[in-house]
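I opened this entry to look up two things. I wanted the surroundings of the ligand first, then the packing of the helices.

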Amino acid sequence: MAPFAQNGSMSDTLPYGTGDASYQAAGGIDGLRHLVDDFYRLMDERAEAAALRALHPADLSASRDKLTCFLSGWLGGPRLFAEKYGSISIPSFHAQWPIDEALAESWLSCMAGAIALQDYEPAFADYLLAQLRVPAQRAVQASQNRHKSGNPT
Ligand code: HEM
C-alpha cells in the first residue's frame, strides 16, 4: 500500500507524490529550507564529502536557495525555481561536472543525514530518499555520457 501523508492538511488522504502531499509532509517551504540548510551544513562538515563540497562555491547561500526552490516544485508545492531562476534539467545541468557513483553516493549520504535530522514521518523519510536517488542517478548517467573519452559535447 502506498504510504499516506499524515500532516493534517488537505493532503492527508493523498499518497506521497500526489498533489502537494510530499511538499506538505516535508513541512512546506520552511521545512524544506531547514532540510537544505542541514544538507549543506553536513556537506561542509563531513570530511568524506570534501570532493563534493569542492565542486560548490565557497558561499553556499545561493546554492541553498536554489535547491530549496527546486525541491518545492519537485515535491508538488509552488514552482519557485521556475519562477525565480527559470527552467532546469537536473541531468543536463549536472553534466558540466564529471559526476561518478561515489559523488552521487556522497550527495545522497548528506541528504540521508539531513533527512534523519528532520521531524518527518518515517515513511516519508524513506520515500524522499528513494525518490532523490532517481535524479541523482540520472545526473551520473548524463555526466558520464558527456565526459566519456572521445565525446566532449
Ligand atoms: C548526483 C550528485 C550531485 C552532485 C555531485 C551535485 C552537485 C551540484 C553542484 C556542484 C551544484 C552547483 C552549486 C552552485 O553553483 O550553487 C549543484 C547545483 C544544483 N543541484 Fe546538484 N548535485 C547532485 C545531485 C542533485 C540532485 C539529485 C538534485 C535534485 C533533486 C540537485 C539539484 C540541484 C539544483 C536545483 C542546483 C542549482 C542549479 C542552478 O544553479 O541553477 N542536485 N549541484
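**Ligand shell**

I sorted the shell around the ligand by class and got 20 nonpolar, 3 polar and 1 charged residues. I note that the model is predicted. The ligand is surrounded by 24 residues. I listed the closest: L55, S63, K66, F70 and W107. Next I looked up which elements supply two or more residues to this shell; they are helix 4 (61–74), helix 6 (90–94), helix 7 (101–117) and helix 8 (122–147).

**Helix 7 against helix 8**

I then took up helix 7 and helix 8. Their axes lie 10 Å apart, and the packing angle is about 160°. Angles over 145 degrees count as roughly antiparallel, so helix 7 is roughly antiparallel to helix 8. The crossing is right-handed. From helix 7, I found E101, A104, W107, L108, M111, A112 and I115 in the contact. Their partners in helix 8 include A125, L128, L129, L132 and R133. By class, this contact holds 13 nonpolar, 1 polar and 2 charged residues.

**Helix 2 against helix 7**

How is helix 2 (residues 28–45) set against helix 7, and at what angle? I read about 135°, with the axes 8 Å apart. That makes helix 2 oblique to helix 7. Helix 2 also passes helix 7 in a right-handed crossing. On the helix 2 side I noted L35, D38, F39, L42 and M43. They meet C110, M111, G113, A114, I115 and L117 of helix 7. I counted this contact by class too: 9 nonpolar, 1 polar and 1 charged.

How values were computed:
Residues are numbered from 1 along each chain as its sequence is written. This is a predicted model: local features need pLDDT of at least 70, side-chain atom pairs count only at pLDDT 80 or more; totals for chains, interfaces and linings use all residues. A residue is near a molecule or strand if its C-beta atom, placed from the backbone, lies within 6 Å of it. Helices (H or I, at least four residues) and strands (E, at least two) are DSSP runs, numbered from the N terminus. Ala, Val, Leu, Ile, Met, Phe, Trp, Tyr, Cys and Pro count as nonpolar, Asp, Glu, Lys and Arg as charged, and the others, Gly among them, as polar. Axes are lines fitted to C-alpha atoms, for helices over the stretch in contact, and angles run from 0 to 180 degrees between N-to-C directions. Angles under 35 degrees count as roughly parallel, over 145 as roughly antiparallel, 65 to 115 as roughly perpendicular and the rest as oblique. A crossing is left-handed if the near helix is turned anticlockwise from the far one by less than a right angle, and right-handed if clockwise. Two residues are in contact if their C-beta atoms, placed from the backbone, lie within 7 Å.
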